[in-house]
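Hello,

Here is the structure I promised to pass on. Have a look at it first, and then read on for what turned up.

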Amino acid sequence: LRRIALASPRSILLDSSMRQQDFGERDILLLDPVVTLTLPRGAGEAVIHPAAHAGGNPFDVIERLLGRMPESGAAPAPPLLAGYISYEAGVFAERMPPPRAEGPDLSDIHMVCPAVIVVADYAAGATTVHSLNRDPREIFRLLDAAPSPSPPPHPGAPERSFSDVQCSLPFEPYLAAVERVIEYIRAGDIFQANLTRQFFVDGAPPPQVVYERLAGSSPAPYSAWIGLDGGKAVLSSSMELFLRVRGREVTTRPIKGTMRRGRSPAEDDALRRQLAGSVKDRAELTMIIDLERNDLGRVCRPGSVAVPDIYRLETFPHVHHLVSTVRGELREDAGIGALLKAVLPGGSITGAPKVRAMEIINELEPARRSVYTGVIGWMDASGNAELNVAIRTIMCEDGRAWFPAGGGIVADSLPEREHEETLHKARGMAAALGIEWPEGENDA
């Protein structure tokens, strides 16, 4: 499916390049959009092609659009809308400051209803093809004609040095921004805030090449390729589930706490134990769990929100993470629009309390985040959805590639350590872009 996606215009691939039990168990390919819903950057209303401008809150527009689509009898039903919602689109869900002008030039929302949906379900061991307006025999011919699968290419020798990379918050300004967040925490404004840095480089390889490298060197349960007009693309390799809706059950899995991988099995195991026992990282995750419980509580049945899994340590190619699970039962009167307005932007990428944290983020971050720390995934007419947090995300436009990284800042954060964490998180994306990456040194 990956080869077809990368060779097809305006395609979307929700690609489970790293499968885990109960998460990332399906690949979903979407071709030939017949309806596209976009929210142009900074616009006040969404645009539905081929119709017209759609007034009102874009999350309500999404729910109305899904409501006009026929439910599928398939189990599970195929996705009918898929794409991304940017961080800045959260202004339609929560009180946020006006977004910055600098940053990627991408729409704030891009969702499509495709003519062709191919679902490769690894748990069931079956591939299903859905077609809205095309002869299924055409689709099978397309699948049969696809190039033979081959292992994704791993990055070779670096093609460019770290000195080619620009950053919205270089070393000294970043340390100063971390110190400012800590001052706000000590003053009682917030408990924590997620502070991010926008790395970017010009003359990047073609997005298709970068995505194949990213999927090979940084696999994740929620990888994604989103092809856009004008040669733009969004590439992601996320491990964080933002929302999974199955019937009335809604689940979120916030991540807080990051440790680099060791250079030997012994060092790797020691770093795992260090993260698992970190009082700071557990406290950071606990704050976000409380925030996510409160957000879900806005639209879930009273008493149904619970935390069945807490402080779970999970390992990925470049980092270890602490992960929790928060689950609730949606009220009967709460649809996908109400849910999105209750939880966006996500607590794990903003901070607590959320609104004040976002005000501080807007003060200290010089560039808009765009798709980064927004969400990527799908929603269907039956009320089901699966959306991940768009971390480890590369945004490509006109030869420029943006690849941000960030982390949660709390009272006892050490600025230099937080800086190193951003470098560790960006390492896999930099490798996919062919950039030689430092081992944690100051990037002044």
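A contact here means that heavy atoms lie within 4.5 Å of each other. On that basis, if we take the contacts in the chain between residues at least 6 apart in sequence, 73% of them join residues at least 24 apart. Please keep in mind that this is a predicted model.

First, the chain as a whole. You will find 10 helices and 23 strands in it. Along the principal axes, the C-alpha atoms fill a box of roughly 60 × 55 × 40 Å. The radius of gyration is 21 Å, which agrees with a compact globule, because a globule of 444 residues would have a value near 22 Å. As for burial, 58% of the 444 residues are buried.

Helix 2 spans residues 58–67 and helix 8 spans residues 336–343; their axes come within 8 Å and cross at roughly 155°. Angles over 145 degrees count as roughly antiparallel, and the two helices are therefore roughly antiparallel to each other. The crossing of helix 2 and helix 8 is right-handed.

Which residues meet there? From helix 2 they are F59, D60, E63 and L66, and from helix 8 they are I336, G337, A338, L340 and K341. Sorted by class, this contact has five nonpolar residues, three charged ones and one polar one.

Best wishes

Note on methods:
Residues numbered from 1 in each chain as written. Predicted model: local features only at pLDDT ≥ 70, side-chain atom pairs only at ≥ 80, totals over all residues. Heavy atoms only, no water. Axes fitted to C-alpha atoms, helices over the stretch in contact; angles between N-to-C directions. Helix = DSSP H or I, 4+ residues; strand = E, 2+ residues; numbered from the N terminus. Parallel < 35°, antiparallel > 145°, perpendicular 65-115°, else oblique. Left-handed = near helix turned anticlockwise from the far one by under 90°. Nonpolar A, V, L, I, M, F, W, Y, C, P; charged D, E, K, R; others polar. Rg over C-alpha atoms; globule rule 2.2 N^0.38 Å. Buried < 20%, exposed > 50% of the residue type's maximum accessible area, 1.4 Å probe, protein only.
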